[in-house]
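Here is a colleague's note for someone meeting this structure for the first time. Please keep the sequence and the model open while reading the points.

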Amino acid sequence: SLQALGAPDRPITFTSASSAARCAWQTIAVPLSNQGLRLQYAAVEYACAGLRIFDADSVQVLSSTFRYVGDGGACAPDCEPAD
């Protein structure tokens, strides 16, 4: 499982180390049979898709921001990338 539990004054940022451009890295993937994911006071930026969710029952996103992402903030299993 992944738990990124920031605070209002100390958010956790998932970003690219090499480029400040959309799709600089792929995604945070939540596979089936995963113990879950919880993001609180987090920022996800410069990914192709912020979250790729395969097990929606185990995902919590609270007070978080998705910015500068290519295909959207969160994507369920059957979603298609934007053209």
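Predicted model: local features only at pLDDT ≥ 70, side-chain atom pairs only at ≥ 80, totals over all residues.

1. Residues are numbered from 1 along each chain as its sequence is written, and side-chain values use heavy atoms, with hydrogens and water left out.

2. Strand S4 (residues 37-40) pairs with S7 in the parallel sense over four bridges, and Gln 40 has Leu 62 in S7 as its bridge partner.

3. Another open sheet, again of three strands with parallel pairing, has the order S2-S5-S8. Strand S2 (12-14) and strand S8 (65-67) are its edge strands, each pairing on one side only, and neighbouring strands of this sheet are turned by 15° against each other on average, direction ignored. Between S2 and strand S5 (residues 42-45) there are three bridges in the parallel sense, and Thr 13 finds its bridge partner in S5 at Ala 43. As background, strands of a sheet pair through backbone hydrogen bonds, either parallel or antiparallel.

4. The structure holds two salt bridges, the term requiring a side-chain nitrogen of Lys or Arg within 4 Å of a carboxyl oxygen of Asp or Glu. In one of them Arg 67 meets Glu 45, with the closest N and O atoms 2.8 Å apart; this pair links distant parts of the chain, Arg 67 being in strand S8 and Glu 45 in strand S5, 22 residues apart. Glu 45 counts as buried at 12% relative accessibility, whereas Arg 67 counts as partly exposed at 32% (buried means under 20% relative accessible area, exposed over 50%, and partly exposed in between, with a 1.4 Å probe and protein chains only).

5. The side chains of Arg 10 and Asp 9 also meet in a salt bridge, at 3.9 Å from N to O, and both of these residues are exposed.

6. Which residues form the aromatic pair that is stacked? They are Tyr 46 and Tyr 68, at 5.1 Å centre to centre and with 15° between the planes; rings of Phe, Tyr and Trp (its six-membered ring) pair if their centres lie within 6.5 Å, and planes under 30 degrees apart count as stacked, over 60 as edge-to-face and the rest as tilted. Tyr 46 lies in the loop between S5 and S6 and Tyr 68 in the loop between S8 and S9, so the pair ties together parts that are 22 residues apart in sequence.

7. The backbone at these tyrosines deserves a look as well. Most residues other than glycine have a negative phi. Tyr 46, however, has a positive phi of about 65° although it is not a glycine, and Tyr 68 has a positive phi of about 60°. Tyr 46 counts as buried at 16% relative accessibility, while Tyr 68 is partly exposed, with a relative accessible area of 40%.

Note on methods:
Pairing = 2+ DSSP bridges. Helix = DSSP H or I, 4+ residues; strand = E, 2+ residues; numbered from the N terminus. Axes fitted to C-alpha atoms, helices over the stretch in contact; angles between N-to-C directions.
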